[in-house]
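Please look over the protein chain shown below. The report that follows walks through some of its local features.

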Amino acid sequence: MGPWRGERSSRNGVNDRKFGTKMAVVELEVLHYGIIAILLILPVLYETSATFKYFAKFILYDIIVMAIAVFLMPVLAFRPRDVNNYRIVSWVVKNTMKIFAIKIDIKHKERLVSDQPYILVSNHQSSLDFIGMMELLPDRCAFLAKRELLWAGPFGISSWLCGTVFIDRLNPEKARDTMDQTAEILHTKNIKLWIFPEGTRNHNGSMLPFKKGAFYLAVQAQIPIVPVVFSSFSHFYNKKERKFETGRVTATVLPPVSTEGLTKDDVGDLTEQVRKTMLQTFNETSLPRMEPNGYS
């Protein structure tokens with residue numbers, strides 16, 4: 001009885017192994033078919049669901065931005081805190097972001113050309129502004145950003161390496177100290193500074209009231225303000241409607257606004273004057289884009 005039981009046990013072991021192998025093959029085939037089904041469904045969802053397309057494109061956009069940051073960090077580290085690093089970032093972004101087919105039509109770019117420092121102010125609609133910013137980027141230009149972005153992983157590190165000025169909006173005293181130091185740096189290092197005076201993204205198709213920080217800084221440093229207006233994204237991008245298509249944007253560089261001789265008492269009027277001019281330009285350049293065939 002002993003040998004027979006041993007032989008039966010051996011046959012059972014072989015059968016178990018065969019069964020296990022068959023199950024593994026079946027599971028692998030199910031996995032393959034599942035992957036094929038997903039690959040077939042995704043393009044259909046992309047073409048038929050605006051919501052799916054919106055999230056898919058934004059996920060891809062964020063992945064590309066982070067990948068650029070990771071890829072460039074070792075290069076940017078050779079010149080830490082140097083605003084000229086942004087020229088490298090600009091070239092890479094302009095060439096990689098072409099896949100989203102967002103065309104930037106620039107008017108009066110020559111007004112950005114200067115060997116003197118100035119404050120560049122622009123409206124802020126979305127993280128997609130980054131594409132237009134890199135298209136317009138003047139020489140020796142840094143950006144003012146909220147301090148929270150410093151901790152945004154590779155993006156924050158790369159921004160720091162490019163000389164971005166981070167401001168702590170939750171601590172007014174530290175914010176003032178940062179602005180005072182920046183006013184001096186603009187002259188000593190001869191750099192330009194890009195600021196969003198709305199203070200946050202505005203998805204409502206207009207402009208929020210301007211905060212006065214950029215204008216106080218310009219008056220304190222006695223340097224010009226150069227307004228830049230991006231036309232509305234609403235014909236191809238809308239966060240509420242989950243719309244993200246291809247499109248065109250008009251970026252208009254307005255004439256520099258002098259702050260020579262102005263004092264802090266003039267900041268309120270200066271802020272409203274610049275906002276009024278920018279809002280008028282925004283409306284004028286956005287309307288043609290929203291009309292039928294206006295962005296073809």
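Q222 is partly exposed, with a relative accessible area of 37%. Here, buried means under 20% relative accessible area, exposed means over 50%, and partly exposed is in between (1.4 Å probe, protein chains only). Q222 sits in the loop between α7 (213–221) and β6 (225–230). Helices (H or I, at least four residues) and strands (E, at least two) are DSSP runs, numbered from the N terminus. Q222 is not a glycine, yet its phi is positive, at about 55°.

A101 is not a glycine either, and has a positive phi of about 55°. Its place is the loop between α3 and β1. With 39% relative accessibility, A101 counts as partly exposed.

## About the model

This is a predicted model: local features need pLDDT of at least 70, side-chain atom pairs count only at pLDDT 80 or more, and totals for chains, interfaces and linings use all residues. Residues are numbered from 1 along each chain as its sequence is written, and side-chain values use heavy atoms, with hydrogens and water left out.

## Salt bridges

Side chains of opposite charge can pair when their charged atoms come close. A salt bridge is a side-chain nitrogen of Lys or Arg within 4 Å of a carboxyl oxygen of Asp or Glu. How many salt bridges does this rule give? The count comes to three.

Take E245 and K53. Their closest N and O atoms are 3.3 Å apart. E245 lies in the loop between β8 (243–244) and β9 (247–253), and K53 lies in helix α2, so the pair ties together parts 192 residues apart in sequence. Is K53 buried or exposed? K53 is buried, with a relative accessible area of 12%. E245 is partly exposed, at 29%.

D139 pairs with R87, and here the closest N and O atoms are 3.8 Å apart. D139 is in the loop between α4 (129–136) and β3 (141–146), while R87 is in helix α3, so this bridge ties together parts 52 residues apart in sequence. D139 counts as exposed at 52% relative accessibility. R87 is partly exposed, with a relative accessible area of 33%.

R248 forms a salt bridge with D105, with the closest N and O atoms 3.0 Å apart. This pair links distant parts of the chain: R248 is in strand β9 and D105 in strand β1 (residues 102–107), 143 residues apart. R248 is partly exposed, with a relative accessible area of 25%.

## Helix packing

Helix α2 (residues 50–76) packs with helix α3 (residues 85–96) at an angle of about 145°, and their axes are 11 Å apart. Axes are lines fitted to C-alpha atoms, for helices over the stretch in contact, and angles run from 0 to 180 degrees between N-to-C directions. Which residues of α2 meet α3? They are I64, I68, L72, V75 and L76. On the α3 side are N85, I88, V89, V92, V93 and T96. Contact means heavy atoms within 4.5 Å.

Helix α5 (residues 153–161) has the buried residues G156, S158, S159 and L161. These pack against α2, α3 and β4 (165–167). Just after α5, G163 takes a positive phi of about 90°.
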